[in-house]
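Good morning, and thank you for joining.

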Amino acid sequence: MIDFSAIQFVDVIEFIGTFAFAISGIRLASAKKFDLFGAFVVGLVTAVGGGTLRDILLGVDIFWMHNSFYLWCTLFALVFVIIFHNYLIHLDNTFFAFDTIGLALFVVVGAEKSLDLGFSPWIAVAMGTITGSIGGVIRDVLINEIPLIFRKEIYALACVIGGIVFVSLHATNSVNLVIIELSTATVVVLVRFFAVKYHLSLPILKGERRKKLPH
Amino acid sequence: MIDFSAIQFVDVIEFIGTFAFAISGIRLASAKKFDLFGAFVVGLVTAVGGGTLRDILLGVDIFWMHNSFYLWCTLFALVFVIIFHNYLIHLDNTFFAFDTIGLALFVVVGAEKSLDLGFSPWIAVAMGTITGSIGGVIRDVLINEIPLIFRKEIYALACVIGGIVFVSLHATNSVNLVIIELSTATVVVLVRFFAVKYHLSLPILKGERRKKLPH
Amino acid sequence: MIDFSAIQFVDVIEFIGTFAFAISGIRLASAKKFDLFGAFVVGLVTAVGGGTLRDILLGVDIFWMHNSFYLWCTLFALVFVIIFHNYLIHLDNTFFAFDTIGLALFVVVGAEKSLDLGFSPWIAVAMGTITGSIGGVIRDVLINEIPLIFRKEIYALACVIGGIVFVSLHATNSVNLVIIELSTATVVVLVRFFAVKYHLSLPILKGERRKKLPH
């Protein structure tokens, strides 16, 4: 159960991020005619999958095992999709904003947790990226599609760049943690925003039958 | 190696469940023209995949790493499928019964192990469900199909309901553990049986192009 | 960062194996039009996926978390594929040799690590097989194909046979470890080589509609 008396700004952000990630999973599951339970599972996995793999790799307790918040948040997202079913498409810009906020938060959490545990900066970058992007990969595997982030506009790269900002500022030992967190989140949001706005994407590694080199 | 001198009723149940889960994996792999090793792996993963993820999430030793029983049981299932290849379809009702018994046992084991480790009741419900259903999800991912439990008749929900029965009776502190186990197993079997008999399934979360709301 | 002053023969072998596994992932990702980041991730997962699952199951620190070697090695493989894009097909025999050397090494590492940790011989065989083959399975799941090793010429079986050689020689308590390692690697290489040369494969477990038994 959630203790509503101690809700802070970061909890609101975490709710927004989890909610947006869960919504994305539930909507893709619904497009594949999953039943309610299946949609719930895909939503939950999208929201917590990245952090779960991060915690397994870091060898620490899985973050959602001691907090039912993520379960309730996914349930709320499911009810939201059921009720506002026909209006969701008009909310695409809102969901994009929420999703990007969630991504930024997940990168910060992943990088910070890794450094706190004493891992190297490059592991912190990797864990920030895993926290932000692996939930979507598992979602796409479950709905039997090639993971979108491997082919679409810059998404994982926003995590990598954000992670590098985090560990770089952290390495100076002179920047306040809140400033580091906000800077990282801002960079993730900006990279993602401009990538989508200007349809920026990474070069595709072309198949070997082509006559020309890919670059 | 198995110590045959100490076989108890619960071992027989565990054999039946593991055998039935492995058979389901091997049969689906054979429909996809997997070789013998591939079929064996898919059978093994179907049988132990749920419990493996449960133990990883709970942070405890993986249950099958100290007991080769599951390996032998899957090997026996493979030999069984090879020999009785053409007669399996006539055994579908038997396999359904075995599979349901296995499901019931796996839910009991998952919920009980979680509570024993001091986790919350809702984690116990989640772990009972994961133990019972994730093996089939990994099986379906490996054979490149959308996981059946997300679209078919009630399966995972039987786990959830069974898990709730387990933790509810356990919370009373006044019911004998064997009674709790048998009640949980009975509920799982009944829910699954009636779901299949009456073709009960959860509502499908319809795609967003539809004009009507799904409910 | 890599300490180049202490590079030994086994490091060269490990580089060759990791490089070959990463190349195989990157090439398959490029055939599916993945972007550079996606190809990098698939390459990395192919190279380290098996050892990662092994370490999760064994309950020990993940091997690549304290050594950025595998990341650099995959990055080098990516650059190699980008530059030598049109010539890769002429190197297929070289890649096959590298891949087989890598497979042999991974089996040795997986089996040895398990025995060192006090696990049973059959777990050592299983972990040698997992180390050698699961990277390719995850690769195939990510590119949305049925895992090749479940249908193609003998691959996983080479791991199993190599693992059995390792634990058998180890159980004698009278063979030098280096001899055990070299014997195991030689057996894996020979089994894989002859399987490919003579197109040996395991019998396919035929679907149930066929009139004849599969054997």
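Let me begin with a term: pLDDT is the predictor's confidence in each residue, on a scale from 0 to 100. We need the term because what you see is a predicted model.

On that scale, chain A has a mean of 87, with 90% of its residues at 70 or more. Which element of chain A has the lowest mean pLDDT, and which the highest? The lowest mean, 86, belongs to helix H1 (residues 9-31) of chain A, and the highest, 95, to H6(A). One stretch of chain A calls for caution: across residues 210-215 the pLDDT stays under 50. For those residues the model has 9 contacts beyond four places in sequence. For the complex, the predictor reports an ipTM of 0.87 and a pTM of 0.90.

I turn now to the helices of chain A, with H6(A) as the point of reference.

Consider helix H6 (residues 156-171) of chain A together with helix H7 (residues 177-197) of chain A. Their axes come within 8 Å and cross at roughly 155°. An angle over 145 degrees counts as roughly antiparallel, and H6(A) and H7(A) are therefore roughly antiparallel to each other. Their crossing is right-handed. On the H6(A) side, the residues that meet H7(A) include Ala158(A), Ile161(A), Val165(A), Phe166(A) and Leu169(A). Among their counterparts in H7(A) are Ile180(A), Val187(A), Val188(A), Val191(A) and Arg192(A). By class, the residues of this contact comprise 11 nonpolar, 4 polar and 1 charged.

H6(A) also packs against helix H5 (residues 121-142) of chain A. Here the axes come within 8 Å, and the crossing angle is roughly 145°. H5(A) passes H6(A) in a right-handed crossing. From H5(A), the contact takes in Pro121(A), Ala124(A), Val125(A), Gly128(A), Thr129(A), Gly132(A) and Ser133(A). The residues they meet in H6(A) include Cys159(A), Gly162(A), Gly163(A), Phe166(A) and Val167(A). How many residues of the contact of H5(A) with H6(A) are nonpolar, polar and charged? There are 10 nonpolar, 6 polar and no charged residues.

The axes of helix H5 (residues 121-142) of chain C and helix H6 (residues 156-171) of chain C come within 8 Å and cross at roughly 145°. The crossing of these two helices is right-handed. Among the residues of H5(C) in this contact are Gly128(C), Thr129(C) and Gly132(C), and those of H6(C) include Gly162(C), Gly163(C) and Phe166(C). The contact of H5(C) with H6(C) has 10 nonpolar, 6 polar and no charged residues.

Chain B lets us view both contacts from one side. Towards chain C, 27 residues of chain B are in contact with 26 residues of chain C. Helix H1 (9-31), helix H2 (36-58), helix H3 (69-83) and helix H5 (121-142) of chain B each supply at least two residues of that side. H2(B) gives the most, with 6 residues. The side of chain B that touches chain C has 17 nonpolar, 6 polar and 4 charged residues.

Towards chain A, the contact takes 27 residues from chain B and 27 residues from chain A. Two or more residues of this side of chain B come from each of H2, H5 and helix H6 (156-171) of chain B. H5(B) provides the largest share, 3 residues. By class, the side of chain B that touches chain A has 18 nonpolar, 5 polar and 4 charged residues.

Thank you; I am happy to take questions.

Technical notes:
Residues numbered from 1 in each chain as written. Chains lettered and ligands numbered in written order. Predicted model: local features only at pLDDT ≥ 70, side-chain atom pairs only at ≥ 80, totals over all residues. Axes fitted to C-alpha atoms, helices over the stretch in contact; angles between N-to-C directions. Helix = DSSP H or I, 4+ residues; strand = E, 2+ residues; numbered from the N terminus. Parallel < 35°, antiparallel > 145°, perpendicular 65-115°, else oblique. Left-handed = near helix turned anticlockwise from the far one by under 90°. Contact = placed C-beta atoms within 7 Å. Nonpolar A, V, L, I, M, F, W, Y, C, P; charged D, E, K, R; others polar.
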